[in-house]
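Q: Could you take me through this structure by setting each value against the definition behind it?

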Amino acid sequence: MTSEADKPHLDCREVLEEVYLYLDEECSDVRRGVIKDHLDECSPCLSEYGIEQEVRTIVHRCCSKEVAPDDVKERLRQKLHAIEQVSELFSEVAERDR
């Protein structure tokens with residue numbers, strides 16, 4: 001059995017830096033357990049986590065089934081292509097000026 005002294009300890013800064021990994025279930029089970037333990041014991045972090053969780057829940061509920069119309073997707077592709085071309089041009093100019 002693991003004692004409290006043997007468990008890894010995270011400070012609030014570390015927990016809040018990793019809260020998105022925790023929310024998205026992108027960290028190991030061990031790390032999730034350590035973060036969950038901290039959130040269970042630290043009301044300021046839990047408050048921050050709760051706000052983040054609520055925002056994610058609302059965004060997911062409102063937007064998860066949204067699909068952009070084809071014309072919007074095409075306009076976006078065109079704009080991204082134009083941005084890439086301008087970026088390449090700036091890179092070429094910067095390279096020549098070196």
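Q: Which residues does L10 touch, not counting residues up to four places away in sequence?
A: L10 touches V15, R31, V34, I35 and H38, where contact means heavy atoms within 4.5 Å. This is a predicted model, in which local features need pLDDT of at least 70 and side-chain atom pairs count only at pLDDT 80 or more, while totals for chains, interfaces and linings use all residues. Residues are numbered from 1 along each chain as its sequence is written, and side-chain values use heavy atoms, with hydrogens and water left out.

Q: What makes a set of residues a nonpolar core, and which residues form the largest one?
A: Such a core is a set of buried Ala, Val, Leu, Ile, Met, Phe, Trp, Tyr and Cys residues joined through side-chain atoms within 4.5 Å, and buried means under 20% relative accessible area with a 1.4 Å probe, counting protein chains only. The largest has twelve residues, including L10, V15, V34 and I35. Its largest share, four residues, comes from α1.

Q: How do you know that the span of α1 is close to the expected one?
A: The expected span is 1.5 Å times one less than the number of residues; α1, with twelve residues, reaches 16 Å from its first C-alpha to its last, close to the 16 Å expected. Helices are DSSP runs of H or I with at least four residues.

Q: Why are the buried residues of α1 said to lie on the same side?
A: In α1, V15, E18, V19, Y22 and L23 are buried. Because they cover an arc of only 160° around the axis, they are on the same side of α1, the arc being that of the directions from the helix axis to the C-beta atoms.

Methods
Buried < 20%, exposed > 50% of the residue type's maximum accessible area, 1.4 Å probe, protein only. Helix = DSSP H or I, 4+ residues; strand = E, 2+ residues; numbered from the N terminus.
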